[in-house]
Amino acid sequence: MSAAPTATSGDGPVPPPRTSVPHGDEAPAIDGTAAAPPAVDRPATGAEGDIAWPAGVPVAEPADPIVADVEPGRVRWDPAERRARASQSFWTAVVGVPAIFSVLRLGVEAGGELQTTLLLVANVGPVNLLAGFLTTAARLLSTGLVAVFALGAVLAVSADRLPPGTRRRPLFARWADITPAWVVLASFLLALITWPLLYLPLLLPAFVAAFQLRPARLHERVVPRVLLMGALLAGYGWLMLPTMRDAMRQGDEWLVLALIVVPPLLALFVAGPLPGMVIRPLASVTEVAVLATLIWAAVPVITTPVLPLTVTTVGPESGPTEDVRGHVVTTDDVNMVILQERGGVRYVPVGLVRAQVLCPSEEELPRHQLRIHDFHVEDSLLEGMGRRVRPVHRIDAACRTPA
Amino acid sequence: MNSGSSQSRLRSIASTLAVALTLVLAAAAGCDSRKEPDLPSVQEKMRETHIYGQSKLRIGVATNEPLMGELRNGQHVGFDVEIARYVAASLGYEGEQRLEFVSVATEDRIPSLQGGTVDLVVSSFSMTEDRKQLVSFAGPYFVTTQEVMVPVRLKDKIRTIEDLRDPAYKVCTSGGSTTEAELEKHQVKTFVVKDVGDCVDGIRKGRYDAVSSDESILAGFLASFPKEFEIVDMPFGTSELLGVGVPIGDPALRDLVAFFLQKSYVQGRDGDASPWQTAYNRTLGPWLKAEKRQPQPLEVPKLVDFDDKAPAK
């Protein structure tokens, strides 16, 4: 029945049969009576069997591809599909970036030597590698996320002031829009525990911006609002005053003072909205700046060693000993394989190993001599708490000797 | 209406400024996190010293001053030796294989540092202005006073500096010591020998009648011959600050030794078991009349070390 009209329309492309078109029980009615008037309107098509044919689809134009005019814009901007794609790329990035970084790090750690890299690949487990990567990169990761979400939220709230004619919202604003609140919160929590205490005040304006917490949100009336803000500032002052006094006494710690005093004040105004003319340049500049910062900060992450630094004392039972400074790759029944700090791999027979100590690296030396209630300003909350659990860290004599 | 819009414009300008300032601060923080420490680090100082890269550290010690520096059964023991071991270990030289004790007589302490036969001298070396022209000192690590030790048979006859001036008594001391200069100042005629140990030997053989030196050194000989000698408390009035001798051309090494002595001092002050206290308790402690504490080292440089972030309390 329905095949008959198709066969008659021999001069045109045949639209593919669609399963989604009308229910089976309606089909006879279409063929019989109801389909008649459209068939009159479009005599040449002979498509009387498809009443639900999309309005814009050209039926009798052979040159055109069939789906060409099905409003391409609407398909591209389908929010569900976009979200699916965004989530796909998100997870690809979550798995891929650490993996790529870890492999890059192995290459750097091996001193650029192919065979050494292969030795490391063979002996460093993927879990160790990933865990090692996360411990060193958590700070960088949270910094990037916090910057994007804080800037994105401020740009998003200002976006309606964009000059007329601007169609696209800034990139960070769109990212901030599609990110669930818990991801934003998790990024801030990660920053809270991994950032050095000295930089934590900067998290305050960032948090206020990301969650658009204007002072008005504290309380609807002015007097309690001012009192609340006063109380918050007083608490902050109690926390920071001894450190500020120390910083003033040391004289040359102006940046530290600024980092402690200024951010809480900025938090009062930072939530936006921004004037229209600023948005576009700010968006472009910050996009480039965040990207540049991430690349700049990624270099130390790549060059941070994967394996812990040790000094191994090597020598026969009674005789001269030698200190080998480097990273232990693996130990088996016969050899201890040490990647030396100055490069090169050393296979030390297990029987010759007299002693081994763990050493700190010079990157861990503090830059400031300041503490916030006995927490060193360059420790993160996690590190500070760790130091409370194991307070004294002795540096072994062997670590002082040159490589 | 108008005031509302101007207020909103003001707020948006404040927002712009706040965002810009936050970004500037963040950038400054980023740069700060990558800069080198302002203060020199222990490792940097290590690289400046003449001992950097040396496989062994040579330390000059006395071998015949009981309790301070003594060679007993082939082993160097004593308070000075323990302090030397602590300083050496802090500098990265731990264990007998990396440490060489060189026997240095009292008068040879300065020449051996000048001649480069030893890297450090820890041998009851009093810090004086005259000596500071020739060698550097880190410390003090001990404060002692000058005393006189007499054989028991003379303990009632020699009681004052006046008695020492009596030509009937032969007073002995070691050459090149601060004691020699101090006795000269009091017009006491002395017999100068190489080491305090020679004086003690001489007294036991009847050649001398009294020996003068630092309380800590004399306490050592008293510990060796408790029934034969007695220390007489005399008001010489000067305190001896014992320091670690360092070649004058190596200020970095001096700074490091002072820094590590300070580390021990801080530990002891905070009530922890410090290396100094352990050394003292094992050697001098039981033999001195009055309890002593580690003196605060002088001219300690500020250095950055790995354990700086450890909690203070």
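## Chain A: how it divides

Chain A splits into domain 1 (3–70), domain 2 (83–213 + 271–303) and domain 3 (309–400), with bounds taken from an automatic or database domain assignment. Keep in mind that this is a predicted model, where local features need pLDDT of at least 70, side-chain atom pairs count only at pLDDT 80 or more, and totals for chains, interfaces and linings use all residues. As for labels, residues are numbered from 1 along each chain as its sequence is written, while chains are lettered from A and ligands numbered from 1 in the order in which they are written.

## Where domains 2 and 3 of chain A meet

Taken over C-alpha atoms, the centres of domain 2 of chain A and domain 3 of chain A are 31 Å apart. Their contact draws on 12 residues from domain 2 of chain A and 15 residues from domain 3 of chain A; two residues count as in contact if their C-beta atoms, placed from the backbone, lie within 7 Å.

On the domain 2 side of that contact, α6 (114–123) and α9 (181–194) of chain A each put in at least two residues. The largest share, 4 residues, belongs to α6(A). Helices (H or I, at least four residues) and strands (E, at least two) are DSSP runs, numbered from the N terminus. By class, this side of domain 2 of chain A has 8 nonpolar, 4 polar and no charged residues. Here Ala, Val, Leu, Ile, Met, Phe, Trp, Tyr, Cys and Pro are nonpolar, Asp, Glu, Lys and Arg are charged, and the others, Gly among them, are polar.

## Chain B: two domains in contact

Over in chain B, the assignment gives domain 1 (42–143 + 241–305) and domain 2 (145–232). Their C-alpha centres sit 26 Å apart, and 15 residues of domain 1 of chain B touch 18 residues of domain 2 of chain B.

Strand β1 (residues 57–61) of chain B is mostly covered, with 4 of its 5 residues buried. Buried means 20 or more other C-beta atoms within 10 Å of a residue's own, with C-beta atoms placed from the backbone.

β1(B) runs parallel to strand β5 (residues 99–103) of chain B, joined by 5 bridges; strands pair if DSSP finds at least two bridges between them. In this pairing R58(B) sits opposite E100(B). β1(B) also pairs with β6(B), again in the parallel sense, over 2 bridges, and there G60(B) faces V121(B).

Key
A residue is buried if 20 or more other C-beta atoms lie within 10 Å of its own, exposed if 12 or fewer, and partly exposed in between; C-beta atoms are placed from the backbone.
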